[in-house]
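These are notes for a colleague who has not looked at this structure before. The points follow one another and can be checked against the sequence and the model.

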Amino acid sequence: MDFNTKFTPHTWPDHPEQATMEGKNKVVGFWIFLACEVVLFASLFATYLALKNKGPAGMEFTTQSLFELPLAFAMTMLLLTSSLTSVYAIYHMRNFNFKAMQTWLGITVLLGLGFLGLEIYEFNHYVGLGFTFNQSAFSTSFYSLVGTHGFHVTLGLVWITTLMLRNAKRGLNLYNAPKFFVAALYWHFIDVVWVFIFTVVYLMGVIG
Amino acid sequence: MSSYTQKKGFGATVWDYITTVDHKKLAVMYLLAGTLFFAIAGFEALLMRIQLMKPNNDFISAGFFNELLTMHGTTMLFLAATPLLFAFMNMLVPLQIGARDVAFPFLNSLGFWLFFLGALFLHLSFFMGGAPDAGWTSYASLSLYSPGHGIDFYVLGLQISGAGTLISGLNFIVTIITMRAPGMTFMRMPLFTWTALVSSALILFAFPPLTIGLLMMLFDRMFGGNFFDHTMGGNTIIWEHLFWIFGHPEVYILVLPAFGLFSEIIPAFSRKRLFGYSSMVFATILIGFLGFMVWAHHMFTVGLGPTANAIFAVATMAIAVPTGMKVFNWILTIWGGSIKVTTPMLYALGFIPSFVAGGVTGVMQASAPLDYQLHDSYFIVAHFHYVIVGGIVTALFGSAHFYWPIFFNRMLNETLGKITFWVFFIGFHLTFFVQHFLGLMGMPRRVFTYMEGQGWDQFNYISTIGALMMGVGVILMVINCLMSIKGKPAGRDPWGDGRTLEWSIPQPIPFYNFRQTPLVRGLDPWWIEKQEGNKEITFAEPVGDIHMPNNSAIPFVISIGMFIAAFGALYNPDADKPWSIYVLIAGLAITFGAMIFRSVKDDHGFHLHKEEILEIEEHLYGKGGNK
C-alpha cells in the first residue's frame, strides 16, 4: 500500500500499524527492542537489590527511613493512568479519529509530565537530606535504577510530543500510524517497569 | 544513460560509502574494518610472544605488556571477530533468504558507524596517555584504581561500539523473521542464516548487561559513583557477574555463525545435503539457550559456594551435548560424500579436530575442583585460543575463500590458499598446543616475563615460533586478497557446488539483489534447480517496480555525536579541563538532534522502475540480460 493514499474511516485498515512492510518490521523490531530493554532493567534491578541499604560505615539512610509510600502511590497513579489514556489514543488511531487520538496523547503527555515533576521533587528532596548520588553504594544504585526509568520517561515524552507536532497538520496515514503505535508500546513498557520499581524499591523497601 | 550506470569520481564514491544503506557495501566495510583491527590485535599478540620468547626478557615493559594483553583480547573479540562475522552476516543473510535488503537499512548503517567510531575511540588511547591495562575482562577491583584514562577509553569505546553491535543484532532478527522470500520457511533456511538468527538473539540478551556494567564503571570512574567501591558499600563481584553474563554468551555469539559458515562449506564440497539439518537447528538453539546458564563457571574461584559451583559445572558440561551433535553431523555429512578438497574445505577439515580439542579442555574446566588448579594459568589461554582460533578464525579464513566471489566477483588463488592454510594451521598448533603443558606446569597467564630454570623456556620458545608462523599465514592471506583485485571476474556460482540462493544470483550482484523475488521450493533451492536442469531460479513474481531505501548521512552524524560526547565524559574527572562537560553536552546534542531530524523528516525510499532495472542489467551483463 502506498504511503500517500488518502483514507476514510471506512477504507482505513483494521491494523494500520502493520499494513505496510515498513510498519510490520517496525512493530516486530520494537517488540524485540523491548525484550532487550527488559534485560537492561533486570541488570539494574539486580544491582539495586545487591546494594540496597549498603553504604559507608555508620550510614543512617535506609529504605525505611527514606521512602514514603503516599508520594510513590501518587506517581504510580499518574503513570498507570497515562498508560490507560495511551490505550485510548491507539483505539482512536485504529478508528481513524485523528483529533481524538491527539487529545488522548496530549493527556498522556500531561500525566507523564506530572509524574516526572514528582520524581524531580522526590530526588531533590533526597539530595536535600544528604542522600546524593555519590553518598553511598545504595544511593548510586537507587539513582541509577530509578533515574534510568526517569530518563526513559523523558525520552518518551519528547518522542510523543515530537510525533504530535510533526503530524498535527497532516493527520493519519500508513506512514505515521506505526510510529504512533510503537511510541504507545514504549509508553506501556515504561509503565510496566515502574510497576516493578514501585514493588521492589518502594513497597519492599518500606514494608519488606 | 541513467545515473545508476554512470561511473563515479573519488569524492562521490567516498560519500556513497559514508551514506550507503546497502547491506553489501556495509558488509565490505565491516570486512575492511574487521581486517584492520584483526591485523592490529595480531601485531599486539606478536609483540607479547616476542617478549615471552626467552626468560627475563626486556623487549617491552611490564606496563606496556598489560596494555597489549588488554587491547589484544578486547580488539580481537569486539572489534575483529564480531565485525568480520557481521561482514558475512550482512552479505549473506539477505541473499540467503531472498531479500532485497535488511529490515532496517538505516539501522544497519548506524550499527556500522557506531561500531567503527567506538573502535577508533578505543584505539586513540594508545596516542592519548595510555591504553586500558586491566585485561579484556577489566575486573572492577583492578580497573577502578587504574591511573590515567586507559580504562575510560575502554568503557566509552565499548559502550559506543556495543550499541552498534546491539542495533545490528536486532536488525538481523527482524530481517530473518519478516523478510524471507515466498517458500523460505524457517526449516528451509540455510544453516548460516539460522546461526545468524540465534547469535543475534544472544546479542540482544547479552549486550544489555554489558551496557549496564560499563555504565556503572563509567559512573564510578567519571562521575563519583560507588557501585564497586567497597568502602562506600559497593561490591566488585557485581561487575564480574554482569561481565560474564555478557561474556560467556559472547563466545557463542562468535562461534555459532562460525558453525553456520562451516555448515555451508562442508555440504557444498561433500556435495551432499547437510546431515541432520533439523538436529543442527535444534543444537544451535540449545547452545544459545544453555549459553546463558553457565556464566559463573568463569567465577568458580570467587567463592560462590559449592551449590552454585555444582549447578554451573553441570550446566557447562551439558553444552558438550548439542556441540557434539554438531560435530557428528559434520562428520556424517562428509561421510560418503563426493569430496572436493578445496581451500575452504581444507579449513573445515582442520577446524573439526582443532575445535574438538578446544571443546574437550573446556569440559575439563567445567569440573570445578579441577578448575581451581587450572584457573588463571596458561591452560586457560590454550583452551580459549583453541576454540577461538580453531573455531572462529578458521571459519573466517575458510569462508573468505568460499564467499570471495560473492563479495567481489573474484576468486582467491587456490594454491596460495592451501599454502596459507598449512602455514597458519601448523603455526596455530605450535603456538597453543604447548601452552596446555605450560599451564599444567604452573605458568600463570598475563605475566610479562618469567625466570629461567622452571622448565618453561623451551615451550615458550616453540610457542613464539608458532605465533610468527601464524603471522606469516595472515600476511599470505592478505597478499592473496590483494592479488584477487587483478583477477578475472568469477561469474555466477563459480565453485559449481553452490546450494543456496546467494549462488543463484548473476554476478556482479545488482544493488537490488533480486530482479524478481525467488520462489523457494525446498532446502538448498539453487541445488534443486540445478538438479532439475534449470539455468535460473524459479521466480515468485514478474519483473516489476522495486522499492528501495534512500541513502542517508544521518547514521554517520549520530555516531560522530557519540564520538565527541565520549571525549567530554572521558575528561570529566580532570579538574583542569572544565570544558569537558560542554563537549559532552555538545556531542549528545548532535546525536539527539540528528535523531529528531531523522524522526521529523519523512523518508519513503524510492521506486526503481522496470525500464531502469532492465537498463542496469544490460549495463552489468551485456545485451539480452543475464540469460
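**Notes on the model**

1. Asp493(B) is found in the loop between α16 and α17 of chain B, where helices are DSSP runs of H or I of at least four residues, strands are runs of E of at least two, and both are numbered from the N terminus. Asp493(B) is not a glycine, yet its phi is positive, about 45 degrees. Asp493(B) counts as partly exposed because it has 19 C-beta neighbours inside 10 Å. On this scale a residue with 20 or more other C-beta atoms within 10 Å of its own is buried, one with 12 or fewer is exposed, and one in between is partly exposed, with C-beta atoms placed from the backbone.

2. This is a predicted model, in which local features need pLDDT of at least 70 and side-chain atom pairs count only at pLDDT 80 or more, while totals for chains, interfaces and linings use all residues. Residues are numbered from 1 along each chain as its sequence is written, and chains are lettered from A and ligands numbered from 1 in the order in which they are written.

3. The loop between α16 (457-483) and α17 (525-531) of chain B also holds Pro508(B). Gln507(B) and Pro508(B) are joined by a cis peptide bond, with omega about -10 degrees.

4. Another non-glycine residue with a positive phi is Asn56(B), at about 55 degrees. Asn56(B) sits in the loop between α2 (23-51) and α3 of chain B. Is Asn56(B) buried or exposed? Asn56(B) counts as exposed, because it has 8 C-beta neighbours inside 10 Å.

5. Helix α3 (residues 62-97) and helix α14 (residues 378-408) of chain B have axes that come within 11 Å and cross at roughly 35 degrees. Axes here are lines fitted to C-alpha atoms, for helices over the stretch in contact, and angles run from 0 to 180 degrees between N-to-C directions. The crossing of α3(B) and α14(B) is left-handed, the term for a near helix turned anticlockwise from the far one by less than a right angle, with clockwise being right-handed. On the α3(B) side the contact uses Ala81(B), Leu84(B), Phe88(B), Met91(B) and Leu92(B), and on the α14(B) side Ile392(B), Leu396(B), Ser399(B), Tyr403(B), Ile406(B) and Phe407(B). Two residues are in contact if their C-beta atoms, placed from the backbone, lie within 7 Å. By class, this contact has ten nonpolar residues, one polar and no charged. Ala, Val, Leu, Ile, Met, Phe, Trp, Tyr, Cys and Pro count as nonpolar, Asp, Glu, Lys and Arg as charged, and the others, Gly among them, as polar.

6. Which residues touch the most other members of the largest nonpolar core? In this core of 235 residues they are Tyr30(B), Val255(B), Phe262(B), Ile265(B), Ile392(B) and Ala566(B). Helix α7 (residues 191-222) of chain B gives the largest share of the core, 22 residues. A nonpolar core is a set of buried Ala, Val, Leu, Ile, Met, Phe, Trp, Tyr and Cys residues joined through C-beta atoms within 7 Å. Not counting residues up to four places away in sequence, Tyr30(B) touches Pro83(B), Phe86(B), Ala87(B), Asn90(B) and Phe112(B).

7. Ile590(B) belongs to helix α19 (residues 580-600) of chain B. Ile590(B) is partly exposed, because 19 other C-beta atoms lie within 10 Å. Leaving aside neighbours within four places in sequence, Ile590(B) is in contact with Val557(B), Ile560(B), Gly561(B) and Ile564(B). Ile560(B) is 30 residues from Ile590(B) in sequence and 8.0 Å away in space, C-alpha to C-alpha.

8. Chain A contains six helices and zero strands. Its C-alpha atoms fill a box of roughly 70 × 30 × 25 Å along the principal axes. Of the 208 residues of chain A, 39% count as buried. Among contacts in chain A between residues at least 6 apart in sequence, 80% join residues at least 24 apart.

9. Between the chains, the contact takes 30 residues from chain A and 31 residues from chain B. In chain A, α1 (21-51) and α5 (137-167) are the elements that give two or more residues to this side. The largest share, 15 residues, comes from α1(A). The chain A side divides into 16 nonpolar, eleven polar and three charged residues.
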